[in-house]
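Take a look at the model first, then read on.

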Amino acid sequence: MSIATSRAPIHSNLPEDLRDRLESILENNSLLSRQLREGRLEHYQVLDTTEYLPRLDQCARVVSDACTKLAIQFSKPPLPSAQDCGVICSRLENAVLVLVSTCNVFPEAQGCALKKEVQRVVLDILDGVSLLTRALMEEGCAG
């Protein structure tokens with residue numbers, strides 16, 4: 001079972017609009033992880049090998065940046081507004097979509113083993129995003 005598929009206990013002080021926004025991230029990550037594992041994502045134009053790894057690296061950095069910004073919003077009271085949280089959550093969801101899409105265009109000429117490893121790394125990133133989101137839902141603001 002993937003980390004992304006289990007339900008998070010809801011923090012009692014987390015407003016419903018924030019909880020709903022974070023729950024959306026969990027649901028979308030779960031769906032993307034399942035589709036990536038099952039090979040049900042559409043395949044797009046394959047990038048040149050020399051372009052692929054730098055692009056994948058950049059996509060992972062954008063996801064990391066969005067996760068950091070989301071964590072900072074919850075690092076101390078007061079809780080972020082629904083609007084502020086929504087902006088960062090949207091950026092995070094878009095970054096995750098770009099990362100998964102980039103993973104999906106891995107050059108087949110590079111071999112199946114490497115493609116599976118790239119997929120595993122992307123799935124690990126998705127699980128990390130879900131763990132962060134769940135922690136924010138469980139803990140609310142530190143402080």
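Helices (H or I, at least four residues) and strands (E, at least two) are DSSP runs, numbered from the N terminus. Proline 78 lies in the loop between helix H2 (49-73) and H3. A cis peptide bond links proline 77 to proline 78, with omega at about 0°.

This is a predicted model, in which local features need pLDDT of at least 70 and side-chain atom pairs count only at pLDDT 80 or more, while totals for chains, interfaces and linings use all residues. Residues are numbered from 1 along each chain as its sequence is written, and side-chain values use heavy atoms, with hydrogens and water left out.

## The chain as a whole

The chain has four helices and zero strands. From the N terminus, the order is α-α-α-α. Of its 143 residues, 39% count as buried. Buried means under 20% relative accessible area, exposed means over 50%, and partly exposed is in between (1.4 Å probe, protein chains only). The chain exposes about 8,000 Å², and carbon and sulfur atoms supply 55% of that. These areas come from the Shrake-Rupley method with a 1.4 Å probe.

Contact means heavy atoms within 4.5 Å. Take the contacts in the chain between residues at least 6 apart in sequence: 81% of them join residues at least 24 apart.

## How the helices pack

Two packed helices are described by the angle between their axes and the distance between the axes. Axes are lines fitted to C-alpha atoms, for helices over the stretch in contact, and angles run from 0 to 180 degrees between N-to-C directions. Angles under 35 degrees count as roughly parallel, over 145 as roughly antiparallel, 65 to 115 as roughly perpendicular and the rest as oblique.

| Helix pair | Angle | Axis distance |
|---|---|---|
| H1 and H3 | roughly 5° | within 10 Å |
| H1 and H4 | roughly 160° | within 10 Å |
| H3 and H4 | about 170° | 10 Å |

Start with H1 and H3. Their axes cross at roughly 5°, so H1 is roughly parallel to H3. On the H1 side, the contact includes Asp17, Leu18, Arg21 and Leu22. On the H3 side, Ala82, Cys85, Gly86 and Cys89 are among the partners. By class, the residues of this contact divide into 13 nonpolar, five polar and three charged. Here Ala, Val, Leu, Ile, Met, Phe, Trp, Tyr, Cys and Pro count as nonpolar, Asp, Glu, Lys and Arg as charged, and the others, Gly among them, as polar.

Next come H1 and H4. Their axes cross at roughly 160°, so H1 is roughly antiparallel to H4. The crossing is left-handed. That word applies if the near helix is turned anticlockwise from the far one by less than a right angle; clockwise makes a crossing right-handed. The contact of H1 with H4 includes Arg19, Leu22, Glu23 and Ile25 of H1. From H4, Gln119, Val122, Leu123 and Thr133 are among the residues that take part. The classes here are 11 nonpolar, five polar and five charged residues.

The last pair is H3 (residues 82-104) and H4 (residues 112-139), at an angle of about 170°. H3 and H4 are therefore roughly antiparallel to each other. H3 passes H4 in a left-handed crossing. H3 brings Leu92, Val96, Leu99, Val100, Cys103 and Asn104 to the contact. H4 brings Lys115, Val118, Gln119, Val122, Ile125, Leu126 and Val129. This contact of H3 with H4 has 10 nonpolar, two polar and one charged residues.

Serine 30 is in helix H1 (residues 16-38). Serine 30 is buried, with a relative accessible area of 13%. Leucine 123 is 93 residues from serine 30 in sequence, yet their C-alpha atoms are 10.0 Å apart.

Threonine 133 sits in helix H4. Its relative accessibility is 0%, so threonine 133 counts as buried. Leaving out residues up to four places away in sequence, threonine 133 touches Leu22, Ile25 and Leu26.

Isoleucine 125 is also placed in helix H4. At 24% relative accessible area, isoleucine 125 is partly exposed. Residues up to four places away aside, isoleucine 125 touches Ala60, Val63 and Leu99. Asparagine 29 is 96 residues from isoleucine 125 along the chain, with 9.9 Å between their C-alpha atoms.

Threonine 68 belongs to helix H2. With a relative accessible area of 41%, threonine 68 is partly exposed. Between threonine 68 and isoleucine 88 there are 9.8 Å, C-alpha to C-alpha, and the two are 20 residues apart in sequence.
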